[in-house]
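I am opening my notebook on a new structure.

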Amino acid sequence: MKLKVCEVSKRYDSKVLDGISFEVDQGIVGLLGENGAGKTTLMEIIATLARPDTGKVEYDGKERDEDLYAIRRRIGYLPQKFDFFAKISVEEALDYFCRLKHISSPEERKREIEEKLVQVGLIEHRKKQFGALSGGMKQRVGIAQAMIGDPALLLVDEPTVGLDPHERAAFRQLLSELAADRVVLLSTHIVEDIAMTSERLLVLHEGRVNYYGDLSTFIRSVEGKVWMYRGPSVPESLRRRPSLILSSQATAEGVEVRYIAETPIERSVPVEPTLEHAYMYANRKRTDYE
Amino acid sequence: MSEWTTQLSFSFRHLLKQRGMLAAALLLSTLQIALLVSANRLDNFADTWFGLLHVQMILLILLTPILFNAVWSGRVQVFESKTILYYLRRTESYFLARMLTVWLVLAGSVIVFDTGFWLLYAREADSAIWAGAVLQILLTVGYVTALSGFFSLMLRRTIYSLLPLLIYLLASLSLIEHPMFALWFSPNLTEQVTTQPEQIAARSVLMIWILLLMIVNAAWFRRRTVR
């Protein structure tokens with residue numbers, strides 16, 4: 001599916017999104033931003049759950065009002081904190097989602113449910129009640145329901161929140177597999193999730209696009225700007241502008257501080273930048289850095 | 001498969017999963033049959049039948065919102081809105097199916113038990129009494145279910161609907177006493193409403209209230225859920 005977001009703006013009490021534009025036709029796009037940056041609102045607009053005040057979203061050239069339910073059937077949506085009725089089994093839940101997505105033949109439903117359960121690694125737990133599943137398993141049911149009907153666009157909103165490290169790793173692997181033949185939009189504020197899965201990145205800051213493009217270019221944008229200082233204490237110049245500090249930890253000699261700057265302070269050495277450094281640089285440059 | 005059949009079949013499945021609650025509801029409303037039989041109070045079957053219906057209806061009126069609460073909390077949860085209603089062209093089918101299911105399961109199972117009791121012990125009793133009781137069960141449970149749906153939307157918690165229903169029931173028993181408007185009646189009126197044609201006709205007006213409430217509920221739910 002070719003997804004085209006054109007100049008989308010949305011206001012609730014205050015402006016949440018301001019002129020968001022981007023296009024994608026395959027692979028995972030990581031949607032990164034701090035809490036309140038507008039990620040969930042953007043996901044809801046793309047999912048057709050909310051309307052933009054201005055701008056439009058096109059799905060293979062069609063807008064939501066042209067054929068809303070046909071578009072929805074091509075979208076799989078995993079909302080934040082997916083939940084379901086506690087006493088319904090995994091299999092029964094997926095059967096219901098199959099029916100909701102107009103898969104009417106019992107054989108087809110059975111095949112679809114088995115395929116998705118294998119895909120998300122829940123085939124052994126098909127008879128378990130939803131309420132008896134762990135957080136990670138519930139998220140897997142969430143992704144399975146989103147995948148039913150093989151949607152061309154998969155929207156996943158903060159899918160790894162509350163998962164343990166093993167579950168998170170497995171979930172990222174699953175998303176990478178699913179992105180082979182569709183568009184996956186992964187919204188998160190966990191930088192690591194994006195670093196491990198996405199080819200492209202959309203960084204939101206206060207409702208605006210701060211960056212859209214591939215990950216490596218984004219990371220290269222802070223090359224030569226990330227430094228590590230080792231000394232007895234945090235230097236005064238950094239203390240005055242704490243938002244330049246990326247990390248700080250106590251060592252036997254004093255402190256080790258990673259920070260962003262055009263020119264380093266004394267006793268600093270350059271550091272290989274990461275996605276997290278680039279992200280922090282991108283979302284802070286408007287306030288402190290410049 | 002239409003949205004309606006999908007919602008009805010899932011609502012049935014969901015309701016039947018509440019086994020403990022269903023068992024308690026059915027036990028409470030049918031326990032008296034066992035008590036009546038064991039106490040050998042079947043000499044005057046018609047009196048026993050009306051007494052049974054009277055107690056059953058009061059229990060059912062109070063049990064209906066409790067059972068309805070098991071399948072509809074009164075608030076649309078995020079997952080319902082974003083993963084279920086999302087695909088429905090007529091979101092009200094989701095809500096109406098739950099009301100219909102509670103109505104049919106509760107009224108249907110009591111009718112089955114009562115019919116069994118009738119077949120075993122009625123002997124020469126007029127079968128019009130049985131038919132009148134079945135009609136009363138269907139109409140009254142339907143009315144209470146539709147009211148529970150209305151109050152659940154109004155109060156945003158289904159279980160809270162128990163309070164206005166209790167007040168309505170007490171007012172019905174002591175003040176209203178009219179087949180067209182009362183939730184249920186004092187024991188004296190139970191026999192008349194079940195057997196006298198003009199009282200049955202007046203009571204059948206409940207079907208109009210049920211339909212009106214269902215239409216209002218459907219519109220209200222749709223207004224709350226369509227985006």
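**Entry 1: aromatic pairs**

I searched the whole structure and found 30 aromatic pairs over all chains. I counted rings of Phe, Tyr and Trp (its six-membered ring) as paired if their centres lie within 6.5 Å; planes under 30 degrees apart are stacked, over 60 edge-to-face, and the rest tilted. I picked Phe45(B) and Phe117(B): their ring centres are 5.5 Å apart and their planes stand at 35°, so this pair is tilted. I took helices (H or I, at least four residues) and strands (E, at least two) as DSSP runs, numbered from the N terminus.

Before going on, I noted the ground rules. This is a predicted model, where local features need pLDDT of at least 70 and side-chain atom pairs count only at pLDDT 80 or more, while totals for chains, interfaces and linings use all residues. Residues are numbered from 1 along each chain as its sequence is written, chains are lettered from A and ligands numbered from 1 in the order in which they are written, and side-chain values use heavy atoms, with hydrogens and water left out.

Next I asked: is Phe45(B) buried or exposed? I used these cut-offs: buried means under 20% relative accessible area, exposed over 50%, and partly exposed in between (1.4 Å probe, protein chains only). Phe45(B) has a relative accessible area of 7%, so I wrote it down as buried. Phe117(B) is buried too, at 2%.

Then I looked at Phe95(B) and Phe221(B): the centres are 5.0 Å apart and the planes are at 5°, so I call the pair stacked. This pair also links distant parts of the chain: Phe95(B) is in helix 5 and Phe221(B) in helix 10 (residues 206-225) of chain B, 126 residues apart. Both Phe95(B) and Phe221(B) are buried.

I also found an aromatic cluster formed by Phe82(A), Phe84(A), Phe85(A), Tyr96(A), Phe97(A), Phe130(A), Phe10(B) and Phe79(B).

**Entry 2: salt bridges**

I reminded myself that side chains of opposite charge can pair when their charged atoms come close. My rule was a side-chain nitrogen of Lys or Arg within 4 Å of a carboxyl oxygen of Asp or Glu. The count came to 30 salt bridges over all chains.

I looked up Lys10(A) and Asp53(A), whose closest N and O atoms are 3.8 Å apart. Lys10(A) sits in strand 1 (residues 3-11) of chain A, and Asp53(A) in the loop between helix 1 and strand 4, 43 residues apart. Lys10(A) is buried at 11%, whereas Asp53(A) is partly exposed at 46%.

Which residue of chain A meets Lys17(B) in a salt bridge? I found Glu92(A), at 2.9 Å, N to O. Lys17(B) lies in the loop between helix 1 (3-16) and helix 2 (19-38) of chain B and Glu92(A) in helix 3 of chain A, so the pair joins two chains. Lys17(B) is buried at 17% relative accessibility, and Glu92(A) is buried at 16%. Elsewhere, salt bridges that share partners join Glu112(A), Glu115(A), Lys116(A), Asp150(A), Asp181(A) and Arg182(A) into one network.

**Entry 3: chain A**

I listed 10 helices and 14 strands for chain A. Its C-alpha trace spans about 70 × 45 × 35 Å along the principal axes. Of its 290 residues, 55% count as buried.

I checked helix 1 (residues 39-46) of chain A: seven of its eight residues are buried, so the rest of the structure largely encloses this helix. Among the buried ones are Leu42(A), Met43(A) and Ile45(A). Just after this helix, Thr48(A) takes a positive phi of about 70°.

Asp60(A) has a positive phi of about 50°, although it is not a glycine. I placed Asp60(A) in the loop between strand 4 (54-59) and strand 5 (62-63) of chain A. Asp60(A) is partly exposed, at 40%.
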